[in-house]
Amino acid sequence: MALDGMMLSMLRAELWSELENARIDKIHQPSKDEIVMHMRRRDGNLKLLISARSGSARVCLTNESFESIEKRFEGKGYGEFKREVAEVVAGLLLDIQEKYF
């Protein structure tokens with residue numbers, strides 16, 4: 001998917017709606033092309049992963065620890081991981097479609 005102006009605008013709007021009153025608690029760099037920001041809100045904490053990897057650039061916002069996600073799929077096949085990711089992405093795309101189109 002191209003990261004054009006329209007996509008960046010929607011990404012900014014989605015992140016702003018979640019992080020408007022959040023404060024950065026901690027920042028760390030797990031690899032040379034990834035940054036994880038621990039965000040603190042009144043109703044809970046979030047982690048924002050920003051990856052600039054050439055083959056898999058992405059932005060991920062979650063309230064789960066990355067370790068718990070890894071443990072949940074440990075010993076399971078890639079197909080199960082793909083299926084769950086597809087369900088989440090489909091739900092998000094429907095939300096975005098309803099909001100912007």
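In this predicted model, Glu-34 counts as buried, at 10% relative accessibility. Glu-34 sits in strand E2, which covers residues 34-41.

So who are the neighbours of this residue? Leaving aside residues up to four places away in sequence, Glu-34 touches His-28, Gln-29, Leu-49, Ile-50, Ser-51, Arg-53 and Arg-58. Two of these names come back when it comes to charge. Side chains of opposite charge can pair when their charged atoms come close.

Take Arg-53 to begin with: Arg-53 forms a salt bridge with Glu-34, and the closest N and O atoms are 3.5 Å apart. Arg-53 lies in the loop between strand E3 (44-51) and strand E4 (58-62) while Glu-34 belongs to strand E2, so this pair ties together parts that are 19 residues apart in sequence. Arg-53 itself is partly exposed, at 34% relative accessibility.

Then there is Arg-58, another salt-bridge partner of Glu-34, again with 3.5 Å between the closest N and O atoms. At 36% relative accessibility, Arg-58 is partly exposed. Put together with Asp-33, these residues make up a network of salt bridges: Asp-33, Glu-34, Arg-53 and Arg-58.

The structure holds nine salt bridges. One of them joins the side chains of Glu-18 and Arg-41, at 3.3 Å from N to O. This pair connects helix H1 (residues 5-19) with strand E2, across 23 residues. Glu-18 is partly exposed at 37%, and Arg-41 is partly exposed at 22%.

Definitions and conventions:
Residues are numbered from 1 along each chain as its sequence is written. This is a predicted model: local features need pLDDT of at least 70, side-chain atom pairs count only at pLDDT 80 or more; totals for chains, interfaces and linings use all residues. Side-chain values use heavy atoms; hydrogens and water are left out. Helices (H or I, at least four residues) and strands (E, at least two) are DSSP runs, numbered from the N terminus. Contact means heavy atoms within 4.5 Å. A salt bridge is a side-chain nitrogen of Lys or Arg within 4 Å of a carboxyl oxygen of Asp or Glu. Buried means under 20% relative accessible area, exposed over 50%, partly exposed in between (1.4 Å probe, protein chains only).
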